Amino acid sequence: MGAGPQTAVDLALPIGVWTCLLGPSGVGKSTLLRLIAGLDVGVAFSGEVSTSDGKSLEGRLAYMAQSDLLLPWLNVAQNIQLGAKLRGEATEARLDDLLVRTGLQAHRDKHPPALSGGMRQRAALARTLMEDRPIVLLDEPFSALDAKTRAEMQELAFELLKGRSVLLVTHDPAEAARLGTEILLMQDSGISKVAAPSGTPIRAVDDPAVLDRQTALLRQLRAA
C-alpha cells in the first residue's frame with residue numbers, strides 16, 4: 001500500500017496497547033486504517049493484512065471515525081445498540097453498563113441534534129465499545145473537539161479500551177505523545193517508528209516528557 005505513489009508501507013501493531021499513527025493531512029493515514037478495516041478506499045492495494053495468530057480479522061475489529069456518524073432519527077440508546085440489534089444480539093445489560101461508564105445514562109433518550117459535540121463522541125465511543133472487539137481502529141475521533149473536551153475524551157477512551165489493541169490515526173503530536181505506547185510517523189516515504197515519551201500512557205498533558213516529545217514530533221512533521 002502506498003503512502004505516496006508506489007510507496008511500500010510495513011506496519012506491525014503490538015497486542016494490547018495503543019499505537020498512534022501520526023502524520024500530516026493527506027499522507028494516507030485514514031486510507032491505511034480503512035484498508036485494515038476492510039473498507040472501500042478507492043485506491044489500488046497490493047499486499048497483505050495478516051495477524052500473528054493466523055486468524056481472519058473478520059469479526060475482530062471495531063472502527064470509530066472522525067465524524068460520530070450517529071443517525072439523527074435514533075436516540076442515544078438506539079444508536080449505541082445499532083450494530084448489535086442488526087445482528088440480533090441481546091444488548092440491554094451491556095447497554096446499561098456502557099451508558100453509566102460513558103456518563104450518558106441521563107441522555108439515553110435524547111436524539112443527536114440535542115447533544116453537545118462531546119456527548120456525541122461519547123455516544124460514538126459507546127457504540128464502538130458495544131461491538132466488544134479486541135482490535136479497535138480510531139480515525140481522528142477527537143480532532144473536532146475543543147481542547148478540554150478532547151483531553152477528557154482521550155482519558156475516557158483510554159480507560160474504556162484498556163487491554164485492547166488500538167490503532168489511533170492522528171495529526172496531533174500532543175495526542176500521540178500522550179496516548180501512544182508505540183508512535184509511528186507516516187510520511188510520503190513510508191512509516192517509521194519514533195520514540196514514545198518515558199512513562200506509561202495515559203500521560204499527563206503537562207508531563208515534561210510529553211511536552212518534549214510533542215515538540216520533537218512537531219519538528220519532524222514540519223521538516224517533512
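## Salt bridges within single elements and across a loop

In this predicted model, E152 and K148 form a salt bridge in which the closest N and O atoms are 2.6 Å apart. Both residues belong to helix α5, and because they are four residues apart there, about one helical turn separates them. E152 is partly exposed, with a relative accessible area of 32%. K148 has a relative accessibility of 57% and therefore counts as exposed, the cut-off being over 50%.

A second pair joins D96 to R108, with 3.3 Å between the closest N and O atoms. In general, side chains of opposite charge can pair when their charged atoms come close. The count of salt bridges comes to twelve.

The domain assignment divides the protein chain into domain 1, made up of 11-42 + 50-60 + 133-224, and domain 2, which covers 70-132. Their C-alpha centres lie 24 Å apart. Where the domains meet, twelve residues of domain 1 are in contact with 13 residues of domain 2.

The size of an interface is often given as the accessible area lost when the parts come together. Between domain 1 and domain 2 the buried area is about 1,100 Å², and carbon and sulfur atoms give 65% of it. On the domain 1 side, the residues that lose the most area to domain 2 are R133, M153 and L160, which together make up 49% of what that side buries.

## Polar and charged contacts between the domains

Two salt bridges are counted between domain 1 and domain 2. Three residue pairs are in polar contact between the two domains, both residues of each pair being at pLDDT 80 or more. Helix α5 (residues 147-160) supplies the largest share of the side of domain 1 that touches domain 2, namely five residues. Sorted by class, that side of domain 1 has nine nonpolar residues, one polar residue and two charged residues.

How far apart are N and O in the salt bridge between the side chains of R133 and E131? The distance is 3.9 Å. Both R133 and E131 are buried. R133 and E131 also take part in a network of salt bridges that includes R87 and E89.

## Backbone features in the loops

The peptide bond from P201 to I202 is cis, with omega near 0 degrees. I202 is located in the loop between β6 (190-194) and α7 (208-223).

Two residues other than glycine with positive phi values can also be described. For D132, phi is near 55 degrees, and the residue lies in the loop between α4 and β3 (135-139). D132 is partly exposed, with a relative accessible area of 44%. For E140, phi is positive at about 45 degrees, and this residue is found in the loop between β3 and α5. The relative accessible area of E140 is 10%, and E140 is therefore classed as buried, the cut-off being under 20%.

Methods:
Residues are numbered from 1 along each chain as its sequence is written. This is a predicted model: local features need pLDDT of at least 70, side-chain atom pairs count only at pLDDT 80 or more; totals for chains, interfaces and linings use all residues. Side-chain values use heavy atoms; hydrogens and water are left out. Domain bounds come from an automatic or database domain assignment. Contact means heavy atoms within 4.5 Å. Buried area is the accessible area (1.4 Å probe) that two parts lose on being put together, summed over both. A salt bridge is a side-chain nitrogen of Lys or Arg within 4 Å of a carboxyl oxygen of Asp or Glu. A polar contact is a pair of N or O atoms within 3.5 Å; within protein, one must be able to donate a hydrogen and the other to accept it, and residues adjacent in sequence count only if both atoms are side-chain atoms. Ala, Val, Leu, Ile, Met, Phe, Trp, Tyr, Cys and Pro count as nonpolar, Asp, Glu, Lys and Arg as charged, and the others, Gly among them, as polar. Buried means under 20% relative accessible area, exposed over 50%, partly exposed in between (1.4 Å probe, protein chains only).
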